There are 2 protein chains.
Amino acid sequence: MNLRIPGPTPVPSSVLQAMTKPMVNHRGEEFANLIVSVTERLKYFFQTSNDIFIFPSSGTGGMEAAVVNTLSPGDKALVVSIGSFGDRFATIAQRFGAEVAKLDFEWGKDADPAAIAAKLDEDPSIKAVLVTHNETSTGVTNDLEAIARVVRPHKAILVVDSISAIGALELKVDEWGCDVVVTGSQKSWMIPPGLSFVSVSPKGWEAYAQAKMPRYYWDFGSAKKYLDKKQNPYTPAVSLYYALDEALRLMMEETREGVLARHKRLGSYFRNGVRELGLSILAEERCASNTVTAIPMPNGIHPKELRRILREEFDIIVAGGQGKLEDKIFRVGHVGYVTKEDLDDVLNALRVVLPRLGFQTKA
Amino acid sequence: MNLRIPGPTPVPSSVLQAMTKPMVNHRGEEFANLIVSVTERLKYFFQTSNDIFIFPSSGTGGMEAAVVNTLSPGDKALVVSIGSFGDRFATIAQRFGAEVAKLDFEWGKDADPAAIAAKLDEDPSIKAVLVTHNETSTGVTNDLEAIARVVRPHKAILVVDSISAIGALELKVDEWGCDVVVTGSQKSWMIPPGLSFVSVSPKGWEAYAQAKMPRYYWDFGSAKKYLDKKQNPYTPAVSLYYALDEALRLMMEETREGVLARHKRLGSYFRNGVRELGLSILAEERCASNTVTAIPMPNGIHPKELRRILREEFDIIVAGGQGKLEDKIFRVGHVGYVTKEDLDDVLNALRVVLPRLGFQTKA
């Protein structure tokens, strides 16, 4: 099977094998060594000396953790949304009582840093800016470096959903000044879903000290106290740590620069291939994502029909659209454990299938 | 290694192997079949026709889910605590703004159903009774059937932490009338940590409809809406579903009655062996747990020293005490994938080690 959705992503066989190791005491020495070792290597890929915590949860749990540890009910949060996952961030903040000011951009476009700066200048009471690094629903990558630059001079902290980005797309957490950064295990990290990783800067800790949203499971303070003892406050997802240990070994072997360059190269390669078929890309090339590509459906073809044929005849799994793009696009993931050959498979299959569905490909 | 802590518990090799299956689309047909199949079999072991939801989290996450879906800030909750995990339930409820009335029993004793009844009769405004089924920190099993009987006539719902019990100890969710029941994957279910299972009764849903504590990740309504589509609201921990699928197959093969009987037999067998050595059991036999045994340290021996020798010389991992019992007991788990031989190993090692530490064993 060629699993070409933007997560869960394919898992290398040595990583799958790592999960067959027997359980250990999560308060014992083996686990202590493991949690220290994976946390240190995550810091390397996050390019940070901030604290990083590993939660037994999906990425959405990490987003909830980021919100409830940095805000109080009634606090103003500026949520920058360019798609479905930006909207999710706003919903989480609202559910916990934040006063959300939403800055929406058209789905398929990236966020304008100047508009964010204007909002912050207008309202100095804004406590946090919540932003999606890479919007999985539209295949758009925000210019996070530029966004961070306009947020940094303000009192507000910058909270980043980098679930489908960091580890595959450049994010210099410390250099850019990102206060809380969230990701999920099933994307660039090449392991199964079930872990989220969250980094917290000193400015993030200052926000934590004021934040009154209720929390127990997600509490950063508790996570920190136990990590200092090389433990998790409650039972960690041990087998996924084994997977992470091996996946990080593979990533270190390829080098951070190598992993980032591969995603850049393959993203560009895939988009060129799509355009050569005569299809278009939802995102402008300037902000197109190197982890997932969203492709508007050619006239008259339903994504469900295309996806069914790819699945049944070619064993290729691509994703549909989400929310308001549900019937309008299909999406191809190229994040984590992915090669040029995997993408050639998709392009070759499209070259065969699309004409049958009435769309004459160019190449 | 003989991992004799009360979780994570040893995982059968076929369950470990099941986790090496490749990832699938969590919104596709294979996963749809899987989530339906495991949920149905969980209902069989829960002896319920209530809804059951699977969260990507540890058991503590399931406890938080149980609280935030059934209570509003200011609601009165009666928390019955017989140890460290009962205290945790109270802390979670307090963090989210419940007005907690705590009913504490001495560590090592079980809860008195009559005392619970008295509290409920005294204060009809109590919205929920939170209780631990099996207290992992003391090796005591509450008489949940009797507790449920006294709660049932009241308006209050019964919320049960059965993390280290259900699946190994009898819990008839429907017959006894337990409204919300929580467990974790790493105990009786013989799979690695990372999933929690939560059942919700019709009375539990009535509480949900009134409950105003903030929630997104744990929201039962959202879980239900997506489960109706054979999905999870956000990415599920796919590899742990593979493990669960295989573990449930093994449990069905042994039969529910067989699994329960084995835990009863081995619990009793182990306690007898401990007593034959001249050691005592923290719990009275009447309420002693069949999943974990807490053993007071013989005079002058520190649990750390005993545990170190068992680990280094015998490759046997037992647990220490928690909270106020930290230096006073050691605990041996016999839940999930456990045989008589595993327990004989522990008894034989104790027979050798204790005299060296100055305690003359009887047998």
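Which residues is Leu277(B) in contact with, leaving aside its neighbours within four places in sequence? In this predicted model, the contacts of Leu277(B) are Leu347(B), Leu350(B), Arg351(B), Leu354(B), Thr361(B), Lys362(B) and Ala363(B). Leu277(B) itself is placed in the loop between α11 (256–276) and β11 (292–296) of chain B. Because there are 19 C-beta neighbours inside 10 Å, Leu277(B) counts as partly exposed; the buried class requires 20 or more. Pro214(B) is 63 residues from Leu277(B) in sequence, and the C-alpha atoms of the two residues are 52 Å apart in space.

The overall form of the subunit was examined for chain A. The secondary structure of chain A consists of 13 helices and 13 strands. Along the principal axes, the C-alpha atoms of chain A fill a box of roughly 60 × 55 × 30 Å. The radius of gyration of chain A is 20 Å, which agrees with a compact globule, because a globule of 363 residues would have a value near 21 Å. Of the 363 residues of chain A, 56% count as buried. Among the contacts in chain A between residues at least 6 apart in sequence, 72% join residues at least 24 apart.

The domain assignment of chain A gives domain 1, spanning 13–252, and domain 2, spanning 256–356. The centres of these two domains of chain A, taken over C-alpha atoms, are separated by 26 Å. To the contact between them, domain 1 of chain A contributes 23 residues and domain 2 of chain A contributes 22 residues. On the side of domain 1 of chain A that touches domain 2 of chain A, the elements giving two or more residues are α2 (29–46) and β7 (140–141) of chain A. The residues on this side of domain 1 of chain A comprise ten nonpolar, ten polar and three charged.

The largest nonpolar core holds 244 residues, of which Ala93(A), Val129(A), Ala93(B) and Val129(B) touch the most other members. For Val129(B), the residues touched, not counting those up to four places away in sequence, are Leu78(B), Val80(B), Ile116(B), Val151(B), Ala156(B), Leu158(B) and Val159(B).

Chain B is superposed on chain A by a rotation of 180 degrees with 0.0 Å of shift along its axis, at an RMSD of 0.0 Å. The two copies are therefore related as by a two-fold rotation axis. The same surface serves both copies, since 100% of the contact residues of chain B recur in chain A. Of the residues of chain B, Ser57(B) comes closest to the rotation axis, with its C-alpha atom at 2.6 Å.

The interface between the chains brings 46 residues of chain B into contact with 46 residues of chain A. On the side of chain B that touches chain A, at least two residues each are supplied by α1 (13–18), α3 (59–68), α4 (84–95) and α10 (238–254) of chain B. The element that gives the most to this side is α3(B), with four residues. By residue class, the side of chain B that touches chain A divides into 24 nonpolar, 19 polar and three charged residues.

Conventions:
Residues are numbered from 1 along each chain as its sequence is written. Chains are lettered from A and ligands numbered from 1 in the order in which they are written. This is a predicted model: local features need pLDDT of at least 70, side-chain atom pairs count only at pLDDT 80 or more; totals for chains, interfaces and linings use all residues. Two residues are in contact if their C-beta atoms, placed from the backbone, lie within 7 Å. Ala, Val, Leu, Ile, Met, Phe, Trp, Tyr, Cys and Pro count as nonpolar, Asp, Glu, Lys and Arg as charged, and the others, Gly among them, as polar. A residue is buried if 20 or more other C-beta atoms lie within 10 Å of its own, exposed if 12 or fewer, and partly exposed in between; C-beta atoms are placed from the backbone. A nonpolar core is a set of buried Ala, Val, Leu, Ile, Met, Phe, Trp, Tyr and Cys residues joined through C-beta atoms within 7 Å. The radius of gyration is taken over C-alpha atoms; the globule rule is 2.2 Å times the number of residues to the power 0.38. Copies are superposed by least squares on the C-alpha atoms of residues with pLDDT of at least 70 in both. Domain bounds come from an automatic or database domain assignment.
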